[in-house]
Amino acid sequence: MRSLVFCLVAIAPLLGSAPIPTALGQADSIDRVNSRIEASALAGHIQFLADDLLEGRGPDTMGDAITQLYLETQFKIHGLQPIPGTQSYRQSVPMIGVSSRAAQTWTFRSKQAQANPDSLALKYFDDYIAVAGKPEPRIAIDQRELVFVGYGIQAPEYQWDDFKGQDLRGKILVMMNNDPERDPDLFGGSRRLYYGRWDYKYESAARQGAAGAIIIHTTPSAGYPFTVIQTSWTGEEFELRDAAGPRMDMKAWITDDAARSLFKFAGQDLAALREAAEGRDFRPVPLGLHLTTEIETEVRQRETANVVGFLPGSDSALSDEHVVFMAHHDHIGIAVERDERGDNIYNGAIDTASGTAALLTILKGISESGIRPRRSLMFAAVGAE
């Protein structure tokens, strides 16, 4: 749905400077396009893309190939040109697929003589999700110390450093999702900057030489419930085949309830540490707990493609500038286990057949209207979200 909103909002400013084929005003141009955007077109695209026939549109599957062909055909029908310098609408994306099998339990033991109880067990899937951080057949983590690092952010432009130069090599870094919220003038206020995203968190931990990172999930900080983590982080994970940069052994998520239990077991107050992490003077806090676990993996060479088409702008002075309409065309695919109805297909009607349908419906509206904006338009249906 995020893609749907982005595409629709982009139309109004785009058409205001589009005098071709006739000298229409902005309102007339928008009306001319909008009159060709129909609910039936949206519904038809969604129905096809989310059909069981496409088996959830998992990357590098037959459903993925059918989706790419469908998109390419639609782009041709509505007059888009292929990627410049080629005769193709497809941009190949070579990937590595990694399927992780994490340990079913994390067990922590206390070194405090008076600890009661003297051990804490967390359950895979219910309490945590863990995946391999590198494409190796087996990941072994042996007695790695847990350290709470606040938000795990280094942002020089905000004079912010959650690590404070401490040696965190070989540690497991436990961190909060999103970014500090106390000061609305920091980190874009309520907007989510890259510093607040999970991928930044893992990259940030890897740069410290950490053995792994555990992100504490809350629905407000993530924008979705833990069930999304359970579904999207338990199948095959993809990365670019030529991806570079520092790596960790493990990437993980933990529920808020499990995190509170873990911190309490460590003799720490998670709420108090969260409050401390809202300030620039926060320093990493060792939890006095160590993790030993294993992750077995299956690594495969995979490939998908972005489907990209162009509508050249009508103004030679501005046609090198592009307005981009984008949605990801893939989804999760097929689950290993069936639900109570015997269904194991993640159809992805909302995520994001709806966004892809919006992309195609907007393309249809612009194409059939005859309006040609001054700037070029790029329609990109990307794979492997």
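Reader: In which segment does glycine 383 lie?

Author: This is a predicted model, in which local features need pLDDT of at least 70, side-chain atom pairs count only at pLDDT 80 or more, and totals for chains, interfaces and linings use all residues. Residues are numbered from 1 along each chain as its sequence is written, and side-chain values use heavy atoms, with hydrogens and water left out. Helices (H or I, at least four residues) and strands (E, at least two) are DSSP runs, numbered from the N terminus. On that basis, glycine 383 lies in the segment after strand E16 (376–382).

Reader: Is glycine 383 buried or exposed?

Author: Buried means under 20% relative accessible area, exposed over 50%, and partly exposed in between, with a 1.4 Å probe and protein chains only. The relative accessible area of glycine 383 is 12%, so this residue is buried.

Reader: Which residues does glycine 383 touch, not counting residues up to four places away in sequence?

Author: A contact means heavy atoms within 4.5 Å. With residues up to four places away in sequence not counted, glycine 383 touches Thr304, Ala305, Asn306, His329 and Asp330.

Reader: How are helices H3 and H4 oriented relative to each other?

Author: Two packed helices are described by the angle between their axes and the distance between the axes. Axes are lines fitted to C-alpha atoms, for helices over the stretch in contact, and angles run from 0 to 180 degrees between N-to-C directions. H3 (residues 39–49) and H4 (residues 62–77) pack at about 155°, with their axes 11 Å apart. Angles under 35 degrees count as roughly parallel, over 145 as roughly antiparallel, 65 to 115 as roughly perpendicular and the rest as oblique, and H3 and H4 are therefore roughly antiparallel.

Reader: Which residues of H3 and H4 make the contact?

Author: The contact of H3 with H4 has 4 nonpolar, 3 polar and no charged residues. In this classification Ala, Val, Leu, Ile, Met, Phe, Trp, Tyr, Cys and Pro count as nonpolar, Asp, Glu, Lys and Arg as charged, and the others, Gly among them, as polar. H3 contributes His45, Phe48 and Leu49, and H4 contributes Ile66, Thr67, Tyr70 and Gln74.

Reader: What is the relative accessible area of threonine 67?

Author: Threonine 67 lies in helix H4. Among the residues that threonine 67 touches are Leu54, Arg57 and His329. Threonine 67 is buried, and its relative accessible area is 0%.

Reader: Why do the buried residues of H2 line one face of the helix?

Author: In helix H2 (residues 26–34), the buried residues are Ser29, Ile30 and Val33. The arc is that of the directions from the helix axis to the C-beta atoms. Seen down the axis of H2, the buried residues line one face because they fall within an arc of 95°.

Reader: How many residues has the largest nonpolar core?

Author: A nonpolar core is a set of buried Ala, Val, Leu, Ile, Met, Phe, Trp, Tyr and Cys residues joined through side-chain atoms within 4.5 Å. Those with the most contacts inside the largest core include Trp106, Phe148 and Phe263. The number of residues in this core is 67.

Reader: Which residues does phenylalanine 263 touch, not counting residues up to four places away in sequence?

Author: Phe263 is one of the buried residues of helix H8 (residues 256–265). Not counting residues up to four places away in sequence, phenylalanine 263 touches Phe148, Val174, Ile216, Gln268, Leu270, Leu273 and Leu287.
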